[in-house]
Amino acid sequence: MFDRLKKITEDGKTGLKNKWRSMKEKSEAFSSKLNYRGEHFIQSRIFLCGVSVFISVVIWAFVAFDGNSDASRTVNAEIKYVNLTRGLSLYTLDKNVEIKLEGRISALSTLQPSDVAAEVDLANLQTGRYNLPVRLETPSFARIRSWRPALVEVEIYRHVERTIQITPKVSGAPPEGMVVGSVELTPSEAVVSGPEADVMSVQELEASVPLDRLDSKGKINAEIMIKTAINEANATLMPTSRLTLTPRNTEASVTFENEIVGERIPVRVSVVGQPQEGLQVESIKVIPESISIRGSSEAVKKMQSLVLPPVDISGLDQNIQLMIPMRPAQLDPDVEISGPDRARVEILLSKKMGVRTFTNVPLRIEGSAEAREWRLTPSTVSVTIEGPQMAIDELTGAQPPCELYIDVSNIVSEQAELPVLVKNLKREFQVVKIEPEQVLITTAD
């Protein structure tokens, strides 16, 4: 056994020697190719050529990047808006300017963004929107090639503040067998500040109070939301987020009471008076559409809907939205209302439409060859026109505000039924009915 292990060890050593000898021979063969004259590798032409190329590159780089050579550099500088009239505020999307400079490499390499001044002068400007130039100042060793933006869009506005009552908006279901007794907010008011037009457009402040997230004491830190009349279609340069609200949150404390009988009933509102002549009420929408009430069983069953006081629309000439208290004209003292204390009413108007029927309206024939005559059966029809009532009332005479005709172009048969066509109808009208819709035509030959 020992002899066998010894033999295996000697065979391994012999194999390693053979591999080393083979690698040495390959290395000598590679060196002989590079140094075909038998010289040392350092003295070979390939090595000397490589050294020459390296020295050339170093010299070229030294000359090309000489500190006295011209170069360019791009820096970003903060735009400073100066000379704003006292009492006004500014909004702009342009905070920085990108400047391309030229100069000596050695000088530009030490340039800091703070060494470049960018200003926009707001002197003597009142409220409004402006496109103003950016003025630049740079060190004497730097030349300005270009800058972007060259003009900035700014909006100058008057900053105001307004204190508004916060309205709680309760969502979610109260505990089983309970109803919301009261919701108290601390603080109950918040200050809205920002551009005057935006602040005045705020309709209300709303605090969302989800009942399923109340803590063990019936409290929650509620976020205050701003409800404005501004929509995306009327958005200006600045977004509606330019309004600042202080504070942003209020503590809502909710108390619950034992439910007697609860039900959800629709909210209704009526109108009195008439809108401007020629207009009519198309729809009346109340938000919320329904509300929760509670009270004695008999009192709740009597209330089929919550009827709010009527809205006077006398002389109204456009659509309106208004907030009215959620206090019905008549309320049983045994019934309590839970939920928002105000409702939004949207009244949409439309033009009052009317119709008029014209009878025995003669038909014209068009598209007939001069040598051919046609007979119509019947030769007259009745037509019903629809349009704004005021325009309908202005129609006088027996003729409609359009022409009725039969087109006989390309008719080769001696008899055919063709539709009655309309042309030159005034824009505000439309034809709703023609009797008969088709007539019989025959040649008069």
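Predicted model: local features only at pLDDT ≥ 70, side-chain atom pairs only at ≥ 80, totals over all residues.

Colleague: In what sense do strand 26 and strand 28 pair, and over how many bridges?

Modeller: Strand 26, residues 403-407, pairs with strand 28 in the antiparallel sense, over three bridges. For a place to look, find Tyr 405, which stands opposite Leu 421 in strand 28.

Colleague: What is the order of strands in the open sheet with antiparallel pairing?

Modeller: That sheet has three strands in the order 24-30-27. Its edge strands, each pairing on one side only, are strand 24 (374-377) and strand 27 (415-419). Neighbouring strands in this sheet are turned by 30° against each other on average, again ignoring direction. Strand 27 runs antiparallel to strand 30 (residues 438-443), and five bridges join the two. One place to look is Pro 419, whose bridge partner in strand 30 is Gln 438.

Colleague: Where do the side chains of strand 4 point?

Modeller: In strand 4 (residues 117-121) they alternate between two faces.

Colleague: Which way does strand 1 run relative to strand 4, parallel or antiparallel?

Modeller: Strand 1 (residues 70-82) and strand 4 run parallel and are joined by four bridges. Asp 121 in strand 4 is the bridge partner of Val 82. Strand 4 also pairs with strand 6 (residues 135-137), in the antiparallel sense and over three bridges. There, Glu 119 stands opposite Arg 135 in strand 6.

Colleague: Why is Ser 350 called buried?

Modeller: The word goes with a cut-off: a residue is buried if its relative accessible area is under 20%. Ser 350 has a relative accessible area of 18%, so it is buried. Ser 350 belongs to strand 21 (residues 342-351). Apart from neighbours within four places in sequence, Ser 350 is in contact with Gly 278, Leu 279, Gln 280 and Glu 282.

Colleague: And Ser 89, is that residue buried or exposed?

Modeller: Ser 89 is buried, because its relative accessible area is 17%. Ser 89 sits in strand 2 (residues 88-92). If residues up to four places away in sequence are not counted, Ser 89 touches Leu 84, Glu 155, Ile 156, Tyr 157 and His 159.

Colleague: How much space lies in the largest pocket?

Modeller: The largest pocket holds about 780 Å³ of space. It is lined by 37 residues, and those closest to its centre are Val 170, Arg 264, Ser 338, Gly 339 and Pro 340. Among the strands that each supply at least two residues of this lining are strand 8 (151-171) and strand 15 (261-272). By class, the lining has 16 nonpolar, 10 polar and 11 charged residues.

Colleague: Which residues are closest to the centre of the second largest pocket?

Modeller: They are Pro 168, Val 183, Gly 339, Pro 340 and Asp 341, out of 22 lining residues. The space in the second largest pocket is about 390 Å³. Its lining divides into nine nonpolar, seven polar and six charged residues.

Definitions and conventions. Residues numbered from 1 in each chain as written. Heavy atoms only, no water. Pairing = 2+ DSSP bridges. Buried < 20%, exposed > 50% of the residue type's maximum accessible area, 1.4 Å probe, protein only. Contact = heavy atoms within 4.5 Å. Axes fitted to C-alpha atoms, helices over the stretch in contact; angles between N-to-C directions. 1 Å grid on protein atoms, 1.4 Å probe; cavity = no way out; pocket = protein on both sides within 12 Å on 5 of 7 lines; lining within 4 Å. Points joined across faces, edges and corners; volume = space filled by probe spheres on them. Nonpolar A, V, L, I, M, F, W, Y, C, P; charged D, E, K, R; others polar.
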